[in-house]
Amino acid sequence: MPVLRRALFAVLAIASLSSCEKKVEDGRLPTSRAFPKADRPVSNLGANGFSSETERDSVKEASTVMDQAGIAKGMSVADIGAGEGYYTVRLAQRVGPEGRVLAQDIDRDALEELGLRIERERLDNVSIKQGAEDDPHLPINSFDRVMLIHMYHEVSEPYAFLWRLRPSLRANGSVVVVDIDRDTDHHGIPPALLFCEFEAVGFRLAEFVRKPKLQGYYARFEAKGAAPAPEAIRPCRLADKAAAAPR
């Protein structure tokens, strides 16, 4: 068995053991209970219905996002919710052999398929890790960019997830979100609600643009100050379809 495949299966086996926590009666993981519960619905996993990779490339989707995010040679980037690897493989090409890409997903089967793709395309600068609903399991002080592309609306524990993601950023690192301006149970999230949830965990909005090529909007966040204690986080709610406010 090739070295990459053996390493992939070892990582997935360890992650599976660590993700066997059972949800309690209210549907939350014990590891989430120190954080406030999100006051919004959550989309089902893996039902975005995106077009093929060829069609996405025809409108320069990935290159538009990477250009906007300033992805460059030698960077270290995490692709969260990597799925079949549309962004992973293009990020790997962009950062080059001196850079690194970590592809993360909570779906073990998707990661196994992605591992085979990485091996087939000989992407030696890519590694794989299984995450959890409330924790991306990213190494501390490791990334120039963390990419959340068309997946944040599927995060069921946003406050725990973002709080645990925050330490993975390097100095001057940032989190990039691409999503759609629609209700969270319809595979999108209104920008105002997105801004509120990030701000609640100690991020500030650094950049926001709407671009048709992205099938939605682009937002980039930077950490500011110290992260709040979990019990001090004030959850957000939609006041109406256009605005969000802390509760």
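Aromatic rings in a predicted model

The structure holds eight aromatic pairs. The model is predicted, so to speak plainly of its rules: local features need pLDDT of at least 70, side-chain atom pairs need 80 or more, and totals for chains, interfaces and linings use all residues. Residues are numbered from 1 along each chain as its sequence is written, and side-chain values use heavy atoms, without hydrogens and water.Me: Why are Tyr-86 and Tyr-87 called an edge-to-face pair?
Reply: Rings of Phe, Tyr and Trp (its six-membered ring) pair if their centres lie within 6.5 Å, and planes over 60 degrees apart count as edge-to-face, under 30 as stacked, the rest as tilted. Here the centres are 5.1 Å apart and the planes stand at 90 degrees. Edge-to-face it is.

Me: What makes Tyr-86 count as buried?
Reply: Buried means under 20% relative accessible area, exposed over 50%, partly exposed in between (1.4 Å probe, protein chains only). Tyr-86 has 5% relative accessibility, so Tyr-86 is buried. Tyr-87 is buried too, at 5%.

Me: How do you know that Arg-56 lies over the face of Tyr-86?
Reply: A charge sits over a ring if NZ of Lys or CZ of Arg is within 6 Å of the ring centre and within 35 degrees of the ring normal. Arg-56 is at 4.2 Å from the ring centre of Tyr-86.

Me: Why is the pair of Tyr-152 and Phe-198 called tilted?
Reply: Their planes are 45 degrees apart, with 5.6 Å centre to centre.

Me: Which residues form one aromatic cluster with Tyr-152 and Phe-198?
Reply: Phe-195, Phe-203, Phe-208, Tyr-217 and Phe-221. Over the face of Phe-203 lies Arg-166, at 5.8 Å from the ring centre.

Technical notes. Residues are numbered from 1 along each chain as its sequence is written. Side-chain values use heavy atoms; hydrogens and water are left out.
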